[in-house]
2 protein chains.
Amino acid sequence: MKIGELSRATGTNIETIRYYERIGLLPEPARTAGNYRSYGEAHRTRLAFVRHSRELGFTIEEVRSLLDLADHPERECCEADRIATRHLAQVEEKIGQLVTLRDELSRIIGRCRGGLAADCRVIEALGDHTMCNGDHE
Amino acid sequence: MKIGELSRATGTNIETIRYYERIGLLPEPARTAGNYRSYGEAHRTRLAFVRHSRELGFTIEEVRSLLDLADHPERECCEADRIATRHLAQVEEKIGQLVTLRDELSRIIGRCRGGLAADCRVIEALGDHTMCNGDHE
DNA sequence: CTTGACCCTGTAGTTGCTACAGGGTGCATA
DNA sequence: TATGCACCCTGTAGCAACTACAGGGTCAAG
């Protein structure tokens with residue numbers, strides 16, 4: 001499989017694939033006579049793992065740890081659970097923040113009376129933090 | 001006011017203040033004899049506006065537009081409302097994505113039976129996208 | 001034998017900061 | 001007067017996680 005095929009097969013940008021190789025997430029594949037990268041099924045599986053993890057919001061370093069575990073099936077797997085659990089907590093925190101943000105924005109918006117910026121509620125609210133309820137960050 | 005004071009007054013990192021000046025979000029302040037930046041109340045207000053906007057998740061370019069409107073009170077303010085509304089939509093979309101993500105993660109996690117990585121549900125699920133319900137991204 | 005799609009390396013850009021290195025300023029204290 | 005210390009200056013490089021070239025090489029079809 002050439003890199004373009006792998007790209008299409010996994011929905012990953014070609015540049016991204018080469019980037020993953022450079023940072024050591026993907027192993028260096030064999031090369032053809034013309035110096036083209038040549039991938040097999042194992043590469044596709046591994047890249048899919050990486051992409052899926054990234055879509056779920058794991059950082060590259062977390063993906064590295066998860067891959068490391070996947071590569072060593074004889075190890076304890078608690079680490080994977082720990083990484084995922086910590087990540088879940090972060091996602092939940094982020095959701096909370098965004099909900100606060102959404103409420104703040106909703107409160108600010110929609111009061112445009114089509115007038116001049118001088119009377120704009122949005123601009124006014126942005127300048128004056130004390131008008132806020134929630135503590136965004 | 002010296003930069004350190006402005007930093008404390010607005011809860012903004014000194015490097016960040018200088019960065020905002022460099023990219024033109026804050027005007028260049030007057031300088032003292034010793035070449036120290038010297039800020040006034042107007043600078044503090046403007047920086048507070050910027051920080052507040054950033055905390056609400058507006059991009060630098062959006063902040064630039066909003067500042068531009070704030071600087072021209074004779075203009076129509078609909079643009080501000082438009083920017084904020086678009087941003088609200090983005091925030092709502094992001095919340096939706098994260099909720100999907102959270103559900104996905106919850107489903108994956110917590111099935112660790114303390115065994116070996118070979119049997120790990122987390123790693124298994126990461127490798128196999130077809131186990132997912134939602135369409136994260 | 002040339003066209004076009006594909007691939008290669010290497011480097012620089014993106015966003016929004018943050019972190020130095022290597023120096024200067026200004027005020028209090030010994 | 002010296003010196004210590006907190007603070008400030010410029011300029012550049014780093015972070016995450018890619019993305020986007022520039023400037024070239026490969027390969028199959030027509």
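**Figure 1. The contact between chain A and chain B takes 55 residues from chain A and 55 residues from chain B.** The model shown here and in the legends that follow is predicted. Between them, chain A and chain B bury about 4,500 Å², and 75% of this area lies on carbon and sulfur atoms. Across this interface the rule finds zero salt bridges, while it does find four residue pairs in polar contact, with both residues of each pair at pLDDT 80 or more. On the side of chain A that touches chain B, two or more residues are given by each of helix 3 (41-55), helix 4 (60-71), helix 5 (78-108) and helix 6 (121-127) of chain A. The largest share of that side comes from helix 5 of chain A, which contributes 19 residues. Sorted by class, the side of chain A that touches chain B has 31 nonpolar, 12 polar and 12 charged residues.

**Figure 2. Chain A is superposed on chain B by a rotation of 180 degrees.** In general, two copies of a chain are related by a rotation about an axis and a shift along it. In this model the shift along the axis is 0.0 Å, and the superposition of chain A on chain B has an RMSD of 0.1 Å. That is the relation of a two-fold axis. Among the residues of chain A, A:I95 comes closest to the rotation axis, with its C-alpha at 3.0 Å. Of the interface residues of chain A, 100% are also interface residues in chain B, so the copies meet through the same surface.

**Figure 3. DNA strand C is surrounded by 20 residues, and the closest of them come from both chain A and chain B.** These closest residues are A:G4, A:R18 and A:R37 from chain A, together with B:Y36 and B:R54 from chain B. Of the atoms of DNA strand C that lie within 4 Å of the protein, 72% belong to sugar or phosphate, and the rest belong to bases. At least two residues of the surface near DNA strand C are supplied by each of helix 1 (3-10) and helix 2 (14-22) of chain A, and likewise by each of helix 2 (14-22) and helix 3 (41-55) of chain B. Helix 2 of chain B gives the most to this surface, with four residues. By class, the residues of the surface near DNA strand C divide into seven nonpolar, six polar and seven charged.

**Figure 4. Residues of both chains place polar atoms beside phosphate oxygens of DNA strand C.** From chain B, a polar backbone atom of B:G34 is 3.3 Å from a phosphate oxygen of DNA strand C, and a backbone N or O atom of B:I60 lies 3.5 Å from a phosphate oxygen of DNA strand C.

**Figure 5. DNA strand D has 20 residues around it, of which A:Y36, A:R54, B:G4, B:R18 and B:R37 come nearest.** Sugar or phosphate accounts for 72% of the atoms of DNA strand D within 4 Å of the protein, and bases account for the rest. Helix 2 of chain A gives the most to the surface near DNA strand D, with four residues. The residues of this surface divide into seven nonpolar, six polar and seven charged. From chain B, a polar side-chain atom of B:R31 lies 2.9 Å from a phosphate oxygen of DNA strand D.

**Figure 6. A:R37 forms a salt bridge with A:E21.** The closest N and O atoms of A:R37 and A:E21 are 2.8 Å apart. A:R37 lies in strand 2 (residues 37-38) of chain A and A:E21 in helix 2 of chain A, so the pair ties together parts that are 16 residues apart in sequence. A search of the whole structure finds 20 salt bridges over all chains.

**Figure 7. A:N35 has a positive phi of about 70 degrees, although this residue is not a glycine.** A:N35 is found in the loop between strand 1 (30-31) and strand 2 of chain A. In chain B, B:N35 has a positive phi of about 70 degrees and is likewise not a glycine, and B:N35 lies in the loop between strand 1 (30-31) and strand 2 (37-38) of chain B.

Technical notes:
Residues are numbered from 1 along each chain as its sequence is written. Chains are lettered from A and ligands numbered from 1 in the order in which they are written. Side-chain values use heavy atoms; hydrogens and water are left out. A residue is near a molecule or strand if one of its heavy atoms lies within 4 Å of it. A polar contact is a pair of N or O atoms within 3.5 Å; within protein, one must be able to donate a hydrogen and the other to accept it, and residues adjacent in sequence count only if both atoms are side-chain atoms. Ala, Val, Leu, Ile, Met, Phe, Trp, Tyr, Cys and Pro count as nonpolar, Asp, Glu, Lys and Arg as charged, and the others, Gly among them, as polar. Contact means heavy atoms within 4.5 Å. Buried area is the accessible area (1.4 Å probe) that two parts lose on being put together, summed over both. A salt bridge is a side-chain nitrogen of Lys or Arg within 4 Å of a carboxyl oxygen of Asp or Glu. Copies are superposed by least squares on the C-alpha atoms of residues with pLDDT of at least 70 in both.
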